[in-house]
Structure formats: structure tokens, C-alpha cells
Amino acid sequence: MSEQQIPSQLAEIRDDFLGFELRDRLQLLLEFANELPELPARYADHPDLFERVEECQSPVFIFIEVENDIVHMFATAPAEAPTTRGFASILVQGLSGLSSAEVLELSDDFPQTLGLSQAVSPLRLRGMTGMLARAKRQIRLKTAV
Amino acid sequence: MTIERDPAPQFAEFSHPERLVSAQWVEEHLGEPGLVVVESDEDVLLYETGHIRGAVKIDWHTDLNDPVTRDYIDGEGFAELMSRSGISRDSTVVIYGDKTNWWAAYALWVFTLFGHEDVRLMDGGRAKWEADGREYTLEVPTPTPTEYPIVERSDSVIRAFRDDVLAHLGNPLIDVRSPEEYSGARTTVPGYPEEGALRAGHIPSAQSVPWSKAVAEDGTFRPLSELNTIYREGAGLKDGDDIVAYCRIGERSSHTWFVLNYLMGFPNVRNYDGSWTEWGSLVRVPIALGTEPGDVPSR
């Protein structure tokens, strides 16, 4: 199968990672971790809405909002888990603003295309795969007629 | 040229008090020639968010594991790692990390496979350092490479392979995983990713002592009397025992290996690093389900 077309904002993130040496990919992941936005006030007091991502080694919670078929993703993860924060932040930035169909069509292997498996280990990367799978599941539930 | 041990009274009762230093000791000795502080974490980016001044990072996935074979790096790889970390054969190495030194103990165990003599844990790890209000820096040191000798890894004394475990049955086994993993309700620690064991449960006759029982609320090791209650009274260990500890991939059981070996003074303790991800997928090895240890299988 030829390489799947992916939305430009995700392709940009992927190409940024692949443009760096291994060590600098970690630095970029750290920048993503630092950029993970705080929850908007309307969700800050609603931990009940968030789904725990069991595949991650550290407690990370995600919540997907679909409005007029546009996806918004929110996530929280503790400061002492920067790798997990970085993964969440990549998805928050990469998925938010896409249509629900665009996210659902995205390959489940997207996390494996970032060139991170050597830098962080394949095992750790599974956390991000789990996050993406749960995000898609939430979108399916929210867009089901 | 090893550095004096930490004379802190809380370590004096342990069998090998020279294997532990307090956060305060580390702060007082930072920068002393011959001392190298190493951070080893579960989270591969945590060091980058701030670490003890002068500390170097050693990651178990990317530095200590062989990238191809499921094994540790070899003597050449270790010598190269030590050299670029600024560690000489006679350096005093102090390791600390997140998750109450879970991965730090693992790194210490690997250092011990290579016979690095003076390697210690900072009691309480990052959590204690932070709770004490001590400082971190973002500055990454650039160590002067050393001439570390190529030492062949010794796997016979503190490491157990699956055949060793089969031959060991009938002697004490300590399963340090969560109660849910031990009973067979699940194959992974709650909240952790699936790591591919095909069967759940425990090695028959193994006693369940989750690793975290050895640490107090502040992340430091419990005093000897409490450790005795947990491991001697609770799990039935006695002097002269030959013990194997295991978990899922050998990291949590390194922590228990440290406790049994260096704090309680059991001289014959091995860590089975294949652990449940190997045993739980092996064909025809005995497995017990439920909360009871189960009988030693007949051979």
C-alpha cells in the first residue's frame, strides 16, 4: 500500500521529528510536553468526563469534543511524566481542528512514523498508540447517529 | 579512590550500609572528585526537565538494553557507556531516579553484573530530593571520557535464567508484582501497557511480596525491623536461603534484590530478569493461579 495521505498539520509534526537526529527528537518531544495546554475552565472541574489511557505508564486522561464535526482533544498528564505529556500534546495539536472523518481515517500506526521508537523505546511508544485508539473510539461514540 | 560512606544512623543497621546514601549526603558531596551521580528513570524525558547538578543520565531502554537481543549490553558496550558518562572503574557511582528508585535499582543491578564495585542508591530517589526542597538544574554536564576497561558481564551470581528457575523450584521464590498479576487476574501491572505474556498467574510456590512494601511513604527504605516482618515473617525467608525474585521484566525485582541482598544481608539472591514476560509465554512450564502460592511441582 502506498503511503497514506495524512492531514498537513500531522505531516508537519512528523516531518519535524524525522528532520532531527535521535537526541534532538527527544528535545522536540520535551517541547511538546511543555506546550500541553491547560484544560479550559469549562473542563477543569470535570474529571468525570475524562477517560484514563490504560496503555500509558503514567496517569493520563483524555477527552474529545466534536463540534460541527470538528474535533477538539483535551488531555492532562502530570509534570513528572514528560514523555506521556509529550505524546498527549502531539495528539492534541495534531488532531484538534480536523474533521472527525480525518481523525478516523488516520492510520493507527501514526505514532510509529515519528521516528521515536529508537529514542524512547517501542514499549513507551505504545502509550501514544493507546491514546490515539481511545481518541478515535470517543469520536466514534460521539458521532454515532 | 572511593568516597567515604554515608554515616547516617538510619543506614547503620543494614547489612551493607555502604550501598545507601541520603539526599543530604549527595548534596554535600556533589562535585567531589571520584563521585559520579547517575539518574535513571522510567520516564525517558524526566532528566531533561531538571536533575541533580552534575548528574548524568543512563536510560535502561536505550542505554542498558541490547538494541537487538533481549539481553543487556556487553562488556564493550558497558565500557563505552561508562566512558562517555565520565565513570572510571574506581568511581563511586550514586544512582537515583523516579518511582522510588525502581529503575535506579535496576541500573544498579546491571552495574553489578559488570562488577562495578562502588555503586550506591540515593535513598528515596527524586521524590525525596524534591520533598526536601533541594534544587535541580537544566544544565547537562559534558563529562571527560574515561578509560573504562572492557569487563565481561558475569551472569552467574545475581542473575537467573529460566532453566535456573526450573532447577530452583522448591527453594524460595519472591513474586514482587501486584496482587492482581500474581493471582492471574491480569498480566500487567494496573495502568501499565500489555507486554505480551500469553498466560497469567505466578510461578508455583512463589510468595507474593509486592516490591513497594519495602519503601515507606516518603520513598525511603523501611527500617530493618519492618523489612524482617515483611520478608522473614510474611514470606518465610530464613538465613541460608537461596532466593530468586522476579516480576514482569526484572526491573521491580531488582529493587527487591537490592533489599534482600544489601539491606537484609541474604547472600544468595538472584534476579530472574526474564520474569513473567518470559515465564508466562513458555511452553509447558508450571503456573499457579489464585492468591495462594501453590505446591512445588514435581519434576
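**Cores, domain contacts and selected residues in a predicted model**

Leu121(B) touches residues from several stretches of chain B. Leaving out residues up to four places away in sequence, its contacts are Arg19(B), Leu20(B), Val21(B), Val94(B), Ile95(B), Asn101(B), Ala104(B), Ala105(B), Leu108(B), Phe221(B) and Phe258(B). The model is predicted.

Leu121(B) also belongs to the largest nonpolar core, which has 60 residues. Ile95(B), Phe111(B), Leu121(B), Tyr231(B) and Phe258(B) have the most contacts inside this core. Eight-part lists aside, the contributing elements can be named in order along chain B. Those giving two or more residues are β2 (35-39), α2 (60-64), α3 (75-84), β4 (92-96), α4 (98-113), β5 (119-122), α8 (224-234) and α9 (252-263) of chain B. Helix α4(B) gives the most, with 11 residues. The core draws on both domains of chain B: at least three residues come from each of domain 1 (9-132) and domain 2 (162-280). A second, separate core has 41 residues. Among them are Phe87(A), Leu91(A), Leu95(A) and Ala135(A).

The two domains of chain B were examined next. Chain B is divided into domain 1, residues 9-132, and domain 2, residues 162-280. Their C-alpha centres lie 21 Å apart. In domain 1 of chain B, 24 residues are in contact with 30 residues of domain 2 of chain B. The size of an interface is often given as the accessible area lost when the parts come together. Between domain 1 and domain 2 of chain B, about 2400 Å² is buried. Carbon and sulfur atoms carry 65% of this area. On the domain 1 side, Arg70(B), Trp102(B) and Trp109(B) lose the most area to domain 2 of chain B. Together these residues account for 28% of what that side buries.

Polar pairing across the same interface was also counted. The rule finds 0 salt bridges between domain 1 and domain 2 of chain B. The count of residue pairs in polar contact is 10, with both residues at pLDDT 80 or more. Helix α4(B) supplies the largest share of the domain 1 side that touches domain 2 of chain B, namely 10 residues.

Asn101(B) is placed in helix α4 of chain B. Asn101(B) has a positive phi of about 70°, although it is not a glycine. Asn101(B) counts as buried because its relative accessibility is 1%, under the 20% limit. Asn101(B) is also one of the residues touched by Leu121(B).

Asn68(A) likewise has a positive phi, near 50°, in a residue other than glycine. Asn68(A) lies in the loop between β2 (61-67) and β3 (70-76) of chain A. Asn68(A) counts as exposed because its relative accessibility is 74%, over the 50% limit.

Glu48(B) lies in a loop of chain B, between β2 and β3 (56-57). Glu48(B) counts as buried because its relative accessibility is 16%. The side chain of Glu48(B) makes a polar contact with the side chain of Lys57(B), at 2.9 Å. Neighbours within four places in sequence aside, Glu48(B) is in contact with Gln27(A), Leu30(A), Lys57(B) and Leu138(B).

Technical notes: Residues are numbered from 1 along each chain as its sequence is written. Chains are lettered from A and ligands numbered from 1 in the order in which they are written. Side-chain values use heavy atoms; hydrogens and water are left out. A nonpolar core is a set of buried Ala, Val, Leu, Ile, Met, Phe, Trp, Tyr and Cys residues joined through side-chain atoms within 4.5 Å. Buried means under 20% relative accessible area, exposed over 50%, partly exposed in between (1.4 Å probe, protein chains only). Helices (H or I, at least four residues) and strands (E, at least two) are DSSP runs, numbered from the N terminus. Domain bounds come from an automatic or database domain assignment. Contact means heavy atoms within 4.5 Å. Buried area is the accessible area (1.4 Å probe) that two parts lose on being put together, summed over both. A salt bridge is a side-chain nitrogen of Lys or Arg within 4 Å of a carboxyl oxygen of Asp or Glu. A polar contact is a pair of N or O atoms within 3.5 Å; within protein, one must be able to donate a hydrogen and the other to accept it, and residues adjacent in sequence count only if both atoms are side-chain atoms.
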